Amino acid sequence: MRNLIFIIAFSPLIALSQVKRDIVPNVEDNLAVSTEIETSSDFSAPRMEGSLHGVDGNLPAVRTAESVFEEVQQSQSRLTYLYKTWTIREEDGVGPRTYALKLIIRSSGEVEKVVVKGPTNKEFLKEVEAIVMTWSFSKVKDGKPYVANLKNLDFLFRRNLVLE
């Protein structure tokens, strides 16, 4: 029995000793990389013809109510999240889902002033104003600020928007 365990234990070593060993080729003999790099600069860069126009030439002349409507709808998701978190906490003065918003938008697209009508909780209003102040609208050529009165904004579904 002991002899059988000895044979089973050492049989892999005996088998490996009988395997014919191949000669490993030298890797460096098979790799050949050219180190000759041309450093001449005999090419010429293409010449530009015509004139380049910046973004200022493509700006719309004035801001329209439709453009404000589309951009408010794209940015309103953070207000939806804010409203849901305040209603889950059951805070007083958050009010109904609809509210009114008055924006003064500069020609550069930055929001200059925000007035929110509807909710009465002052902390909630501060957070809404802070979010709306981060909104950016498209730039326009007209240098005058644009006043947008948004009525019946819905915190949850973004419908029933009326512009004046």
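Two strands count as paired if DSSP finds at least two bridges between them. Helices (H or I, at least four residues) and strands (E, at least two) are DSSP runs, numbered from the N terminus. The model is predicted: local features need pLDDT of at least 70, side-chain atom pairs count only at pLDDT 80 or more, and totals for chains, interfaces and linings use all residues. Residues are numbered from 1 along each chain as its sequence is written, and side-chain values use heavy atoms, with hydrogens and water left out.

**Hairpin**

Strand 1 and strand 2 pair in the antiparallel sense, over 6 bridges. K102 stands opposite V115 in strand 2. The two strands form a hairpin with 5 residues between them. In the turn, G109 has a positive phi of about 100 degrees.

E90 also has a positive phi, about 55 degrees, although it is not a glycine. Most residues other than glycine have a negative phi. E90 is found in the loop between helix 4 and strand 1. Is E90 buried or exposed? Buried means under 20% relative accessible area, exposed over 50%, and partly exposed in between (1.4 Å probe, protein chains only). At 67% relative accessibility, E90 is exposed.

**Nonpolar core**

A nonpolar core is a set of buried Ala, Val, Leu, Ile, Met, Phe, Trp, Tyr and Cys residues joined through side-chain atoms within 4.5 Å. The largest one has 25 residues. Which of them touch the most other members? They are L101, L103 and W135. Helix 3, helix 4, strand 1, strand 2 (111-117), helix 5 and strand 3 each supply at least two residues of this core. Helix 5 gives the most, with 5 residues.

Contact means heavy atoms within 4.5 Å.

**Helix 3**

The buried residues of helix 3 (residues 65-75) are S67, V68, E71, V72 and S75. They cover an arc of only 130 degrees around the axis, so they lie on the same side of helix 3. The arc is that of the directions from the helix axis to the C-beta atoms. These buried residues pack against helix 4, strand 1 (98-105) and strand 3 (146-154). The face turned away from the buried side carries the exposed residues E66 and Q74.

**Aromatic pairs**

Rings of Phe, Tyr and Trp (its six-membered ring) pair if their centres lie within 6.5 Å; planes under 30 degrees apart count as stacked, over 60 as edge-to-face and the rest as tilted. This rule gives 2 aromatic pairs.

| Pair | Centre distance | Plane angle | Class |
|---|---|---|---|
| W86 and F124 | 5.4 Å | 65 degrees | edge-to-face |
| W135 and F137 | 6.5 Å | 70 degrees | edge-to-face |

The pair of W86 and F124 links distant parts of the chain, 38 residues apart. W86 is in helix 4 (residues 77-88), and F124 is in helix 5 (residues 122-133). W86 is buried at 2% relative accessibility. F124 is buried at 0%. W135 is buried at 6%, and F137 is buried at 6%.

W86 has a charged neighbour too. R89 lies over the face of W86, at 4.6 Å from the ring centre. A charge sits over a ring if NZ of Lys or CZ of Arg is within 6 Å of the ring centre and within 35 degrees of the ring normal.

T80 is found in helix 4 as well. T80 is buried, at 10% relative accessibility. Not counting residues up to four places away in sequence, T80 touches F155 and L156.
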